[in-house]
Amino acid sequence: MGDIINTDFFRYNIVEYAYTFLNKKYIWGAKGPHEFDEGSLVWYIYKALFDIDIIKDGYGSDDTSKILTSSIGKLTSFLENDDKKSKYIESIALGDIVFFHTKSLNDNNVSSANKYPGDAGIYIGNKSFIHASYDKGIICIETLSDKWLDRLVGTKDIIDYIGKKLSN
């Protein structure tokens with residue numbers, strides 16, 4: 001049996017590392033380390049820190065979809081009109097991945113053409129997250145304001161997976 005792993009240490013490392021990418025360029029399809037798109041920023045952070053490929057067994061049309069659908073980590077998903085999302089924010093932990101649709105709430109009805117989120121970021125606490133912003137063209141910090149809360153479709157916690165992997 002392996003040693004007990006302090007997962008809080010990993011959470012702080014993820015957030016600290018994510019900060020190092022602030023103001024880097026957003027470029028669709030880029031994989032880092034100097035330019036990223038929505039999914040590649042999240043993928044790169046977990047790959048660089050823990051050598052975990054969080055898109056490996058996922059499916060969908062882009063990295064964000066593959067991260068969401070990957071078997072790695074614990075996914076919590078929301079219906080878009082779920083009034084409990086604002087209460088759930090308090091339980092999102094540092095380093096968790098947050099997923100968003102990128103259009104307005106009314107444009108994000110689940111359909112065969114629109115099943116998966118278009119944006120992902122790393123939760124950094126204080127109701128904020130770091131992500132590669134298409135609109136701003138850079139890696140930036142956003143607050144889970146009404147705009148982002150409406151678009152929040154899920155969160156994923158990969159820390160327990162990391163702890164188990166490293167303790168074996």
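1. Ground rules. This is a predicted model, where local features need pLDDT of at least 70, side-chain atom pairs count only at pLDDT 80 or more, and totals for chains, interfaces and linings use all residues. Residues are numbered from 1 along each chain as its sequence is written, and side-chain values use heavy atoms, with hydrogens and water left out.

2. Overall make-up. The protein chain has six helices and eight strands; helices (H or I, at least four residues) and strands (E, at least two) are DSSP runs, numbered from the N terminus. Reading from the N terminus, the order is α-β-β-α-α-β-α-β-β-β-β-α-β-α. Of the 168 residues, 46% are buried (under 20% relative accessible area, with a 1.4 Å probe and protein chains only). Taking contacts (heavy atoms within 4.5 Å) between residues at least 6 apart in sequence, 62% join residues at least 24 apart.

3. Strand β8. β8 runs antiparallel to β3 (residues 74-77), with four bridges joining them; strands pair if DSSP finds at least two bridges between them. β8 also pairs with β4 (residues 97-100), again antiparallel and over four bridges. Glycine 154 of β8 is the bridge partner of serine 77 and also of phenylalanine 99.

4. α1 against α2. Helix α1 (residues 7-19) packs on helix α2 (residues 38-50) at about 125°, axes 10 Å apart. Axes here are lines fitted to C-alpha atoms, for helices over the stretch in contact, and angles run from 0 to 180 degrees between N-to-C directions. The two are therefore oblique to each other, given that under 35 degrees counts as roughly parallel, over 145 as roughly antiparallel, 65 to 115 as roughly perpendicular and the rest as oblique. On the α1 side the contact includes Phe10 and Tyr17, and on the α2 side Tyr44 and Leu49. The contact residues split into 10 nonpolar, one polar and no charged (nonpolar: Ala, Val, Leu, Ile, Met, Phe, Trp, Tyr, Cys and Pro; charged: Asp, Glu, Lys and Arg; polar: the others, Gly among them).

5. α1 against α6. The axes of α1 and α6 (residues 159-167) come within 10 Å and cross at roughly 120°, which makes α1 oblique to α6. Thr7, Phe10, Arg11 and Ile14 of α1 meet Ile159, Ile162, Gly163 and Leu166 of α6. That contact divides into five nonpolar, two polar and one charged.

Key. Buried < 20%, exposed > 50% of the residue type's maximum accessible area, 1.4 Å probe, protein only.
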